[in-house]
Structure formats: structure tokens, C-alpha cells
Amino acid sequence: MYLEVKDPKWAAAVEFATTGGLLNSFCVDNHQDSQLLRYILGKYYQKPPAIIVSQYESQMFDVQHGRVQSAFPSVLDMLIIKNYLVANCLIDQAQIEKKILVEDETAGAGLMRNPPNNCYSAYFMNCDQICFNPSRLYSYGKRIPRSRLSAIRAEDVKNLENDKEEKMARIKQLSERIETLMNAKESLPEKIGKLERDVVKISTEYEKNLRAIKELQCKEETKDVNCLQEDLQPLYHSYEQKKEEIKQQSQLLSELESKKLDLERKIDTLSAQLKSLDEDFQRLHTKISRISKLKENFASGKKKYETELKYKENEYKTDQKVLEDLQSKLDIMRARAESTCPRINTERSSEDISRLIEETKRVVEAQSNCGGENLIEKYKEKLDNLRRAEMDLKRIEKHLIRIGEMLKVRNANFQKIRKNTELLIGLTFTTILSGNGYTGHLIFDQTNRTLTMDVSTRASDRTRKNHSSLSGGERSFVTIAFLLALWERTKMPFRILDEYDVFMLLVIRKILLVPLCLKNFLISLSVTKFHINYKFIRKDD
């Protein structure tokens with residue numbers, strides 16, 4: 001692991017702040033290594049992790065001027081990064097120097113009102129996030145997942161096993177206690193039945209004695225009633241005693257029932273906790289086994305790549321020796337060539353030069369039978385042609401430079417003309433619209449080569465309409481205003497407008513109110529420009 005969180009309670013928030021997926025990604029410094037790594041990972045992963053291609057730096061980025069200025073710690077401050085390449089990747093991809101960690105959630109309101117300088121976002125311990133400019137809060141949810149930055153240690157597994165054993169012993173004690181209480185509950189009905197039988201027996205004797213007393217009283221016998229009352233008194237006392245015992249046993253039974261329910265609830269809670277701990281233990285055990293397998297795979301892969309690296313190093317050394325030999329031969333051949341002719345810088349390839357040398361050799365061989373004087377004359381002729389060609393080339397280059405400067409000037413003038421044309425047409429269009437109580441302007445989009453008319457039919461109407469949403473008369477007037485604006489730019493002496501009310505309905509044409517107003521407007525406009533000939537044609541004219 002290249003990352004370690006200084007305070008384990010921030011592990012989930014730090015992982016959430018680093019956008020999660022970066023923790024599984026790989027860093028390489030060239031595209032070829034990324035292709036090779038993607039091919040290798042494709043063998044072991046159905047969905048391979050991300051690969052970031054970035055040039056390796058010799059030291060960690062300096063973030064003193066761009067980091068967040070706050071009393072709260074940043075994500076970079078909370079991490080112990082053991083490799084500066086990993087630190088540079090997190091700074092570049094996740095901007096961890098501009099993200100802060102806030103423990104007190106009540107401080108979030110103050111941060112939203114007054115965010116720190118150079119702060120991109122803030123994270124709470126429950127993974128809630130505050131973003132700035134504009135300020136907004138994103139809640140992660142009630143359940144916080146286990147962070148991958150929280151290392152799985154043998155101590156954690158041992159602690160979970162100890163907790164499991166303690167809870168199992170606690171459940172066993174509670175089970176034994178419940179069993180004892182159940183046995184006591186089972187014996188209670190027998191005791192209550194015995195007491196009830198004793199009560200019934202005493203009640204029967206008590207009633208029998210009462211009847212005997214009544215009989216004696218009715219017969220007015222001289223028998224002493226005091227003797228019977230003395231016999232009745234112990235029986236009544238025993239009856240009351242038994243009744244009190246029954247009441248106490250009933251209370252004890254209700255208390256035992258409530259204790260039983262409480263114990264059952266505790267057992268259910270402990271069973272659920274035990275089940276959860278068992279699931280966590282199984283999940284951790286599975287994860288540890290999977291990590292062990294991955295470790296073995298990576299170890300075997302590491303050995304394989306180490307052998308390949310050694311093989312490549314040997315090949316590199318061999319190629320280096322071959323390259324040095326070739327370089328020495330090249331230096332010798334270059335020295336020989338420079339002794340014959342000075343070095344010429346050219347953009348031709350080696351194949352072209354070799355082909356030219358072969359052609360020259362063939363020409364020399366073909367003309368080897370000719371006299372020396374003819375060769376000298378031909379050489380001078382070729383040399384003169386070459387000089388003339390060089391002079392023509394320089395002249396052409398001068399013309400090209402001049403043409404390029406002229407094109408720049410013409411392009412700048414064209415931009416000015418186009419800007420002035422847009423301004424003139426737009427102002428003329430707005431002026432003509434305002435003469436009839438309309439407001440609007442033209443929107444020229446030179447990139448998409450489009451023109452948009454943004455028009456309000458009355459000054460009090462603030463809603464804007466495009467050309468297609470206007471009525472027939474409004475569309476006719478706006479179209480005529482646009483044509484008149486174009487005429488102002490083209491400066492034509494003859495201007496003819498045919499069927500200027502073509503967008504109006506036939507009923508409105510017959511009323512002649514709106515067409516007449518439009519016609520009067522056109523006539524008044526033509527009168528002001530006496531040096532231009534106007535001709536307006538209507539279908540009814």
C-alpha cells in the first residue's frame with residue numbers, strides 16, 4: 001500500500017474524496033507500457049482497473065501556492081503517501097490539496113457562507129460533501145461503507161473472533177438461565193394446583209362449619225357456639241394464608257414471564273449481532289483469502305517480469321554494443337566522405353540519396369566514353385541552370401511572402417468591413433422598427449452562418465419573438481425593415497419591392513387598413529431619399 005490514513009476515522013471520507021476508483025488504478029509513463037499493462041490485466045480482471053499515463057517527475061509537485069488556506073486539514077495533510085508518483089497522480093487527478101476534512105457538521109453552514117480560499121470542496125466524517133461556487137450539500141446516506149484504506153490486519157480478525165467467543169459464552173449463559181426459568185415455570189402450575197386444591201378443601205370445610213353454625217342457631221340448641229368458632233378460626237386463618245400464597249405465586253409467575261420476554265429479546269438481539277459478526281468474519285476471511293491469492297498471482301507475475309526484464313536488459317546491452325560498432329563505422333565513413341566533399345544539410349531521406357547516387361553513377365558510366373571537354377561544358381550548363389533555378393526560387397519566395405502579407409491585410413480589412421456591415425444593417429433595422437413602435441435587433445452568428453431576428457411588436461411588450469412566431473402583418477413589416485436595411489448597405493439606385501403584404505391574410509388585405517398603413521410608411525420613407533428610385537408593387541394594384 002502506498003497510502004495510509006493518519007487518523008483511521010477519516011478513512012471513508014478520504015476514500016470518497018479521492019473519487020474511489022483512483023485507489024485501484026495504475027500509473028505508467030508511456031502509451032506502450034499502458035497497452036502492455038492493459039493486456040496483462042485483461043487476463044485476470046473482467047473489468048480492468050484504470051491506467052493513468054503521466055510523465056514521471058523526480059519529486060513531488062509544489063502545491064504551497066495553490067493549496068487550500070483553512071484551519072481544517074486537507075486530504076493531502078491527512079494522508080501518508082510513501083511514493084511521490086502516487087502523490088503527484090492524486091494531486092493531478094483528484095486535487096486533494098484543495099479538499100478539506102471537517103469533523104464538526106455545524107461548521108458546514110459557516111463554510112457555505114464564507115468558503116476558504118482555493119477550496120474546491122469539503123467532506124464530513126459521514127462522507128457528506130459540500131461544494132462551493134455555488135455552495136451546495138450532497139448527502140452520502142445513512143450507511144457508511146467500509147473503506148479500502150482501513151487495512152485488514154490479523155489483529156482485527158483476532159478481535160472479531162474474541163468478540164464472537166464472548167458473545168457465544170454470553171448466549172450460552174442466557175440459554176442456561178432461560179432453561180432454569182422454564183423448568184421453574186413448568187413446576188409452578190403443579191404448586192398452584194396443589195394450593196388451589198388446599199383452598200378448595202379449606203373453603204369446603206369453612207362452608208360446612210358455617211352451615212353447622214346456622215343449623216345450631218336455628219335449632220336454638222344449648223350447644224356452645226364458641227367451640228365451633230374456635231374450630232373455625234384456624235381454618236379461616238389457614239384459608240387466608242393459602243390465598244396470600246396464591247397471590248404471591250401469581251405475582252412471581254408474572255415477573256418470571258416478563259423476565260422471560262426480556263431475556264428472549266436480548267437473545268434475539270445477541271443472535272442478530274452474532275450473525276452480523278459471523279457475516280463480517282466470513283466476508284473478511286473471504287477477502288483475506290482473495291488477497292492472498294492475488295498476492296501469490298502478483299508474486300508469480302513479478303518473478304516472470306523480473307526474468308523478462310533481465311532478458312530485455314541483456315538484449316539492450318547487446319543492441320548497445322551493436323549500436324556502438326555501427327556508430328564507429330559511421331564516423332569512419334563520415335570522415336572519409338567529408339574528406340572528399342564538405343557536409344551538406346538536406347531534408348532528403350537516405351533512400352533518395354542512395355537512388356540519386358546510383359543514377360549519377362549510371363549517367364557517369366554512360367558518358368564515360370565522351371570527351372572531357374563535353375563533360376565540362378555540360379557541367380557548366382547544369383551549374384548555370386541550377387543558379388537560375390535558385391534565383392527563380394528566391395524570387396518566388398519573396399512573392400509568396402508579399403502575397404501572405406497582402407492576404408493578412410485583406411483579411412483584416414474584410415473583418416472590419418463585415419463588422420461595419422453588421423453594425424450598419426443592425427442599426428438601420430432597429431431604427432426602422434422603432435419608427436412603427438417595434439423594438440428588436442439582428443443577431444449575426446458568423447460561426448454557424450446564421451441570422452436571427454429578435455423582435456418585440458410593441459415597446460410595452462417585453463416578450464421577444466422570432467420571425468416564425470409573428471403574425472402576417474408583423475412578419476411583412478419586419479421583412480420589409482430587413483430588406484430596407486440591406487438596401488442601405490448595398491447603395492442601389494433602383495429599389496423594387498413586389499407583394500410586400502404577401503404574409504397577410506386575404507381578409508386583412510381586403511380591409512386595407514394594415515396594408516394602407518404599411519404603404520404610407522414605405523411612401524414616406526421613399527420621399528426622404530429623393531436620389532433613389534423606389535417602386536412598390538401589390539397584388540391588388
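For the lining classes used below, Ala, Val, Leu, Ile, Met, Phe, Trp, Tyr, Cys and Pro are taken as nonpolar, Asp, Glu, Lys and Arg as charged, and the others, Gly among them, as polar. The structure is a predicted model, in which local features need pLDDT of at least 70 and side-chain atom pairs count only at pLDDT 80 or more, while totals for chains, interfaces and linings use all residues. Residues are numbered from 1 along each chain as its sequence is written, and side-chain values use heavy atoms, with hydrogens and water left out.

Rolling a probe the size of a water molecule over the atoms shows where empty space is left. The search was made on a 1 Å grid over the protein atoms alone; a cavity is a set of points where a 1.4 Å probe fits but cannot get out, a pocket is an open set with protein on both sides within 12 Å along at least five of seven lines, and lining residues have an atom within 4 Å of a point. Grid points are joined across faces, edges and corners, and a volume is the space filled by probe spheres set on the points. Over the whole structure, 2 cavities of 30 Å³ or more are found.

The greatest contribution, 4 residues, is that of α6. By class, the lining of the second largest cavity holds 4 nonpolar and 2 charged residues, with no polar residue.

The largest cavity has a volume of about 120 Å³. Among the residues that line the largest cavity are C27, I52, Y56, F61, L85 and C89, together with E57 and D92. Helix α4 (residues 84-94) supplies the largest share of this lining, 5 residues. The class composition is 6 nonpolar, 4 polar and 2 charged residues.

Side chains of opposite charge can pair when their charged atoms come close. With a salt bridge defined as a side-chain nitrogen of Lys or Arg within 4 Å of a carboxyl oxygen of Asp or Glu, the count comes to 5 salt bridges. One of these joins K82 and E4, at an N to O distance of 3.9 Å. Distant parts of the chain are linked by this pair, since K82 lies in the loop between β4 (79-81) and α4 and E4 in strand β1 (residues 3-5), 78 residues apart. Accessibility is classed as buried under 20% relative accessible area, exposed over 50% and partly exposed in between (1.4 Å probe, protein chains only). On this scale K82 is exposed at 56%, whereas E4 is partly exposed at 38%.

A further salt bridge is formed by the side chains of R67 and D77 (2.5 Å, N to O). Because R67 belongs to the loop between β3 (51-53) and α3 (75-78) and D77 to helix α3, the pair ties together parts 10 residues apart in sequence. R67 is buried at 16% relative accessibility, and D77 is partly exposed at 33%.

D392 and R395 also form a salt bridge, with the closest N and O atoms 2.4 Å apart. These residues are 3 positions apart in helix α9 (residues 372-435), so they are separated by about one helical turn. Both ends are partly exposed, D392 with a relative accessible area of 32% and R395 with 43%.

Strand β9 (residues 439-445) pairs in the antiparallel sense with strand β10 (residues 450-456) over 7 bridges, pairing requiring at least two DSSP bridges between two strands. H441 has D454 of β10 as its bridge partner. The β9–β10 hairpin has 4 residues between its strands, and R449 takes a positive phi near 55 degrees.

In helix α7, D268 is exposed, with a relative accessible area of 52%. D268 and I171 are 97 residues apart in sequence, with a C-alpha to C-alpha distance of 9.8 Å.

Terms used
Helix = DSSP H or I, 4+ residues; strand = E, 2+ residues; numbered from the N terminus.
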